[in-house]
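Welcome! Take a moment to look over the sequence and the model, and then we can walk through some of the features together.

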There are 2 protein chains.
Amino acid sequence: MTDPRTTLKPDTIERLHAHALTLADEARRIVLALLASGFEVVRKPDGSYVTSADFRVEERLRALIEAAFPDHGIAGEEYAPRFPDADFQWVMDPIDGTEDFVHRVPTFGCIIGLFYRGHPLVGVLEHPALATRVHGAYGRGTWHNDSRVRLADIDPATPNNELRVILSARENFSRHQDHGHRFDALARRFENHRIYRSCYAHTLAVIGAADAMVDYGNRIWDIAAAQILAEEAGGKFVPLQDLELPKAGRLLSSVFGKPGAVERLVTLLEQSPLP
Amino acid sequence: MTDPRTTLKPDTIERLHAHALTLADEARRIVLALLASGFEVVRKPDGSYVTSADFRVEERLRALIEAAFPDHGIAGEEYAPRFPDADFQWVMDPIDGTEDFVHRVPTFGCIIGLFYRGHPLVGVLEHPALATRVHGAYGRGTWHNDSRVRLADIDPATPNNELRVILSARENFSRHQDHGHRFDALARRFENHRIYRSCYAHTLAVIGAADAMVDYGNRIWDIAAAQILAEEAGGKFVPLQDLELPKAGRLLSSVFGKPGAVERLVTLLEQSPLP
């Protein structure tokens, strides 16, 4: 089957990419203003946080998308989906890492993805507090601020314990599924690991500042930008799991980054059978 | 026995504190210049990195200490100790998190500590790339940039899996000692964990942006600032281990941050008996 993205005109993709950057500009402006002025924090019943910034950013980005592309679908963390059957779907996490944002740890970020008939077309990881943005689009490359990203692969002689690997926290493996043993296996075999609990981890994996990331048990908006950014940088993205659980809803897991590192992580995960 | 720090005059401590801030200013200036101009990277035989920035910062800080306090001792990561029996000992890691520095991950930092007859007197955690500094001195409080830090304790009703805990990577538990099971026990019980692999973790624990940190199997310069900063902020610092291993040399482990969180982590570690 033809990749439907190949049927889109380059200037259509260029316009959509530019719009995603406008959305990221707005997210940055709103977040920096709220960091300066203060914002409200509410703790949800499950212990997670949401702030007035999450709502403000998602509302503003939705309004900008609806004005520019009235027939596009939108899925975001804080509001109900719009046009879930449309060909173009904007997917966003207005503030990924809200708990870090609340504590002013600067690794939080805004995640924006655009999909066309299920295929990733545009991605943005915007970190207002780090003045860092990674963005890209199908056929247009991945960019770290103003520099094109071209991922080099790992040296095959690098031992596992020297690879720079980022993991989701163990909670992501065990919260909705009994997959904690997979975290334990990863932590034992790849001991040069980091855990950020926010999308800065994605940024490091797609620009090559880490060798790869295992993103486990997250929502579609958490992972909305990683695939297009990893692939357009010359990296590899392997979806591990996409399933709908009765209580938890849809959970996605994936591994992405430099191809050789991704392959080693996927191999280890496949050797850690699920219950 | 009287705490020897109580015998020092307040203006002596003030002058030493001010000198530590001058050292941090210099570290910031050198590191920012080298981030802009580029620096040399060498991989040591053990796989760890060292850069021209590590040497440049340590050389400059040593020269400033020697000029101001010619009879003080100095211990740093890159050069041999000076006057190891002196009452005043400056301890520094010019760039903690060198591997992150090499990859331009901004969580690296410069660690400066001053000890008087073995007791921590002054501490600085300087993060040039985050424009963040935490500093403090005995009787003078802990400061996050220009704000005094006063740690609130955790709500005792907070479940373990909601505490914000930072761990050393599993490698720190297993590299020189067979303590990996302690990492596994911590990761299972405190699932809202983060791993930074550089001294930004210390910063978050002493300013209260995380609830506590377990710092495991590190060198004296890695932990040079944490105790005075945690204690002067109203937090707790519990030394877990200080031992000299035949091959690895001296290794230190400790837990610090908000008292209630520190106590829970120490209890769990005590329940994970060593081989």
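Let us begin with helix H6 of chain B, residues 200–207, which is mostly covered: seven of its eight residues are buried. These are Tyr200(B), Ala201(B), His202(B), Thr203(B), Leu204(B), Ala205(B) and Val206(B). After H6(B) comes Gly208(B), with a positive phi near 90 degrees. Please keep in mind that this is a predicted model.

Next, the meeting of the two chains. Chain B brings 31 residues to the contact, and chain A brings 31 residues. About 2,800 Å² of area is buried between chain B and chain A, and carbon and sulfur atoms give 46% of that area. Between the two chains there are 14 salt bridges, and 23 residue pairs are in polar contact, both residues being at pLDDT 80 or more. On the side of chain B that touches chain A, the elements giving two or more residues are helix H3 (98–102), helix H4 (170–174), helix H5 (180–189), strand S11 (193–194) and H6 of chain B. H5(B) gives the most to that side, with four residues. Sorted by kind, the residues of this side of chain B are 11 nonpolar, seven polar and 13 charged.

Here are some individual side-chain pairs with their distances:

| Pair | Kind | Distance |
|---|---|---|
| Glu99(A) and Arg164(B) | salt bridge | 2.7 Å |
| Arg133(A) and Asp25(A) | polar contact | 2.8 Å |
| Arg133(A) and Glu126(A) | polar contact | 2.7 Å |

Is Arg133(A) buried or exposed? Arg133(A) counts as buried because its relative accessibility is 11%, and the cut-off for buried is under 20%. Leaving out residues up to four places away in sequence, Arg133(A) touches several others, including Leu21(A), Arg28(A), Trp143(A) and His144(A).

Finally, the nonpolar cores. The largest has 59 residues, and those with the most contacts inside it are Phe256(A) and Phe256(B). In each of chains A and B, strand S5 (109–116), helix H6, helix H7 (226–232) and strand S14 (249–257) each supply at least two residues of this core.

Notes:
Residues are numbered from 1 along each chain as its sequence is written. Chains are lettered from A and ligands numbered from 1 in the order in which they are written. This is a predicted model: local features need pLDDT of at least 70, side-chain atom pairs count only at pLDDT 80 or more; totals for chains, interfaces and linings use all residues. Side-chain values use heavy atoms; hydrogens and water are left out. Buried means under 20% relative accessible area, exposed over 50%, partly exposed in between (1.4 Å probe, protein chains only). Contact means heavy atoms within 4.5 Å. Buried area is the accessible area (1.4 Å probe) that two parts lose on being put together, summed over both. A salt bridge is a side-chain nitrogen of Lys or Arg within 4 Å of a carboxyl oxygen of Asp or Glu. A polar contact is a pair of N or O atoms within 3.5 Å; within protein, one must be able to donate a hydrogen and the other to accept it, and residues adjacent in sequence count only if both atoms are side-chain atoms. Ala, Val, Leu, Ile, Met, Phe, Trp, Tyr, Cys and Pro count as nonpolar, Asp, Glu, Lys and Arg as charged, and the others, Gly among them, as polar. A nonpolar core is a set of buried Ala, Val, Leu, Ile, Met, Phe, Trp, Tyr and Cys residues joined through side-chain atoms within 4.5 Å.
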